[in-house]
Amino acid sequence: MKKLIPAISLLAVAAVLMVASTYAWFSMSSQVNASGMQVQATVDSNLLISEKTESNTTNSGAAVDAETGKLSDGNTSSDVNMDGSSKLRPTSSLNGSKWFSATAASLSDYAAKYGTYAQIEEEELDNYRLKTEFYIQRYNPESTLESGSGNLVIDSITVSNKDTLGKSFRVMLVCGSNVVICGPTDANEPTNKAVSSISSGIATSTKPNYATVDSVSANGVATISANNLLVSDVVDNEVYTVQVYIYFDGEDAACKTDNVPASLADYGVTLSFSIAE
């Protein structure tokens, strides 16, 4: 029995190390300067889009023209400069409702220290992910406002300088209960799971809905062919809110200080939305 105790202890330690080594959170002292990143969203000619701001938002939702029902400031594209002093640390989320962090084991060991997973408080979220929101409307002045045909999808994503951005870079899109996560803009979608909950500092992870990239053009446009639904059965003239989150996923083994840029100022993301029949 005395011989079994040390053996059991070694197995327990090995199990802890094995669990910890599957994650790759870079040191909390290393952060990515997020100021200056550009996000552009474009839509098909039968859609309108605008960035959600205080000037075009009312207590009841998006501001629309009282006579026509047309989205205020609606256009075929919307540009957002993600300006500010945010410095992003690695995080993980399944659907954008809860975000989680972990502490690196040491400055030289990028694995998450066992038992250190925690949910990020609301006031700290800007240190972990960028967020912007867009209003999208299929405008039809002759509509009877009945459920229309077609689904709102993201059909492509372009990331400038993507080869130096790092494989742990993520763009999450949330519209209602639908979530689409875009990983590196190539044909290989991420394989890691995302943290969905924690208990006593231990994480439970679930495979997110990663968009399927069908092809990437010579100028870097990644065409998304599946797992890209944001709204089913779009209703004419109804305004939908799409939340966009940009972050580095700490659950990706590539999330290391030598695999991410020091600043996002030279990078941009272009999202393209359309109606799929």
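The protein has 1 helix and 20 strands, where helices (H or I, at least four residues) and strands (E, at least two) are DSSP runs, numbered from the N terminus. This is a predicted model, in which local features need pLDDT of at least 70 and side-chain atom pairs count only at pLDDT 80 or more, while totals for chains, interfaces and linings use all residues. Residues are numbered from 1 along each chain as its sequence is written, and side-chain values use heavy atoms, with hydrogens and water left out.

Of the 277 residues of the protein, 45% count as buried; buried means under 20% relative accessible area, exposed over 50%, and partly exposed in between, with a 1.4 Å probe and protein chains only. The protein exposes about 13,500 Å², of which carbon and sulfur atoms supply 49%, the areas coming from the Shrake-Rupley method with a 1.4 Å probe, and for residues only the protein chains shown count as cover. Among contacts (heavy atoms within 4.5 Å) between residues at least 6 apart in sequence, 77% join residues at least 24 apart.

Rolling a probe the size of a water molecule over the atoms shows where empty space is left. On a 1 Å grid over the protein atoms alone, a cavity is a set of points where a 1.4 Å probe fits but cannot get out, a pocket is an open set with protein on both sides within 12 Å along at least five of seven lines, and lining residues have an atom within 4 Å of a point. Grid points are joined across faces, edges and corners, and a volume is the space filled by probe spheres set on the points.

The structure holds 1 cavity of 30 Å³ or more, and about 60 Å³ of space lies in the largest cavity. Its lining includes Ile157, Cys182 and Ile224, and the lining residues divide into 9 nonpolar, 2 polar and 1 charged; here Ala, Val, Leu, Ile, Met, Phe, Trp, Tyr, Cys and Pro count as nonpolar, Asp, Glu, Lys and Arg as charged, and the others, Gly among them, as polar. Ile157 belongs to strand S11 (residues 151-159) and counts as buried because its relative accessible area is 1%. Ile157 and Ile224 are 67 residues apart in sequence, yet their C-alpha atoms are 7.6 Å apart in space. Neighbours within four places in sequence left aside, the residues in contact with Ile157 include Cys182 and Ile224.

The largest pocket has a volume of about 170 Å³, and its lining divides into 3 nonpolar, 3 polar and 5 charged residues. Strand S6 (77-82) and strand S10 (130-137) each supply at least two residues of this lining, which includes Glu51, Met82 and Lys131. Strand S10 also holds Glu133, which counts as buried because its relative accessibility is 17%. Leaving aside neighbours within four places in sequence, Glu133 is in contact with residues including Glu51 and Gln243.

Most residues other than glycine have a negative phi, and most peptide bonds are trans. Asp73, a residue other than glycine, has a positive phi near 65°; Asp73 lies in the loop between strand S5 (61-62) and S6, and is exposed, with a relative accessible area of 56%. Asn227 likewise has a positive phi, of about 55°, although it is not a glycine; Asn227 is found in the loop between strand S17 (221-226) and strand S18 (229-231), and counts as partly exposed at 38% relative accessibility.
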